[in-house]
Amino acid sequence: MTPDLLLTPRQRGLLVALLALAIVLRVATLGAYALLDPSESRYAEIARLMLDSGQWLVPQHAEGVPFWGKPPLSFWLTAASMRVFGANEFAARLPSFLLMAGCGVLVWRMARTQAGAACALLATTVFATTGLVFVAAGAVLTDIALAFGTTLLMAGFWAAVRGPAAGRRLGQALLFTGAAVGLLAKGPVALVLAALPIGAWVAWEGAWRDAWTRVPWLAGGTLTLAVAGPWYWAMEQATPGFLYYFIVGEHWQRFTQAGWTGDRYGSGHAWTRGSIWLFWGLAALPWSIVFLDWLVRCTVAPRARLRERTADPWWRYLAAWAVAPLVLFTLSRNILPAYVLPGLPALALLLAFGPFAAATPRKLDRAELRGLVAAVLLGVGFALLVIGAHERIGREYSQRALVRSFEQARGQGRLVYLGDVPASASFYTRGRVAHVRDAPSLAAWLADARGDFFAIRDGDAPQVTPALRARLVPHGRFGAYTLYAEAPLPR
């Protein structure tokens, strides 16, 4: 067992206060701003459709259109939250907060078992105040459920192989529960993200025997497939072609092809190879700075001290876990910042123990204290940004303000989009929105005066002829969209 930190009552109180502040700020802002296009509102709308239609097996991108991009766990949780709290921003984001809180509990448990209560408190506070963790705890994304699954899996493996004998059975259960959660949250990538660090650590330690004898791989794997497999089979039966698109397209072509053109629900992201490391540096602020500072100081330390520190199996496990997402996505150009999330629980644990396990009990150093203050300032800054800019967010990055303006003035008319309907428009109108494909279709719609309102994006405005524009009266400007009221037909 690694020695615990020596915290003064003042330091302990500071950590508790900072952790509580981070939790309060995040909960208080869950419903304070509009759902953002494209991802947040898309996933929230899928969950709303699931709840309204009663179709819990097949997620739907639009009414009657199956969504093949992700498994259903996140949508199930969001739909369940909406059933309790209604279809609103708070309900849509609450499952993400609870999942991130679950990761925090696992971080606390691992640190508590390995070192003690003081180290567990520090690790949990660091985790809660890491930039991407704080933001993700209030974002409607499938990556949060994936991170919870991989954290369960990694915590379970360590407990099963290296934890106290009394907790090994629980560790086995956590391991395979995490595997099932990962498969239902994001797919086989969850298993890859866990297999990489576990395999590297087993090889590094030569722990083949323990890994094989202390984990019931056959029984646990069978149980995992029994839990997650039926949905994959049922989804393929209900919507043939799903498995090929999801396994080959989402898991292979998305990984290997920059700007992958086969994405049915968005577009590929062509970043420079290795950008995932830059994403990590930004996502892990302010703790990435603290960690890199420690790493530099350790590198220039005497070689004997370096070997002594890196000999700790616990540190090796955390290091392999922390860098696994970065290694996996280093050669991929089609990446997003959220892809680093599964490694951040390990980073919090590394920072709590020091980049290398301390040989003797120690107090918080100045770098850690400065990091905690900076983390809280980032959280407070986020809350102030939300308070000050929530109206602009609703106008510029979501259709919420446009929909509310339409609802206040519509009378009996409908809201009609020229071109594709943004997901947030579908969410905030509860699906009661129409669209026309092009200018001729708009002209045909206008042939019958209905008192409708039309949302036209700047990029589509040039195709609106002067004759059509004469039938439209500007009602408001909302980001890249202008809302028009329908002018009455001349008598």
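# Helix packing and aromatic rings

Student: How are α2 and α3 oriented to each other in this model?
Tutor: The model is predicted, so that local features need pLDDT of at least 70 and side-chain atom pairs count only at pLDDT 80 or more, while totals for chains, interfaces and linings use all residues. Residues are numbered from 1 along each chain as its sequence is written, and side-chain values use heavy atoms, leaving out hydrogens and water. The axes (lines fitted to C-alpha atoms over the stretch in contact, with angles from 0 to 180 degrees between N-to-C directions) of α2 (residues 39–53) and α3 (residues 73–85) come within 8 Å and cross at roughly 65°. Angles under 35 degrees count as roughly parallel, over 145 as roughly antiparallel, 65 to 115 as roughly perpendicular and the rest as oblique, and therefore α2 and α3 are roughly perpendicular.

Student: How do the residues of the contact of α2 with α3 divide by class?
Tutor: On the α2 side, the residues that meet α3 include Y43, I46, R48 and L51, and their partners in α3 include F75, W76, T78 and R83, where contact means heavy atoms within 4.5 Å. Sorted into nonpolar (Ala, Val, Leu, Ile, Met, Phe, Trp, Tyr, Cys and Pro), charged (Asp, Glu, Lys and Arg) and polar (the others, Gly among them), the contact of α2 with α3 has ten nonpolar, one polar and two charged.

Student: Which word describes the angle of α14 to α17?
Tutor: Helix α14 (residues 287–299) packs against helix α17 (residues 344–353) at an angle of about 50°, with the axes 11 Å apart. That angle makes α14, relative to α17, oblique.

Student: How many nonpolar residues does the contact of α14 with α17 have?
Tutor: From α14, W287, V290, F291 and W294 meet L347, L350 and L351 of α17. By class, this contact of α14 with α17 has no polar and no charged residues, and its nonpolar residues number seven.

Student: What is the angle between the planes of F427 and Y428?
Tutor: A search of the whole structure finds 25 aromatic pairs, in which rings of Phe, Tyr and Trp (its six-membered ring) have centres within 6.5 Å, with planes under 30 degrees apart called stacked, over 60 edge-to-face and the rest tilted. Both F427 and Y428 are buried, and they form an edge-to-face pair at 5.3 Å centre to centre, with the planes at 90°.

Student: Is V105 buried or exposed?
Tutor: V105 lies in helix α4 (residues 89–114), and its C-alpha atom is separated by 7.6 Å from that of T124, 19 residues apart along the chain. Buried means under 20% relative accessible area, exposed over 50% and partly exposed in between (1.4 Å probe, protein chains only). Because its relative accessibility is 54%, V105 counts as exposed.

Technical notes: Helix = DSSP H or I, 4+ residues; strand = E, 2+ residues; numbered from the N terminus.
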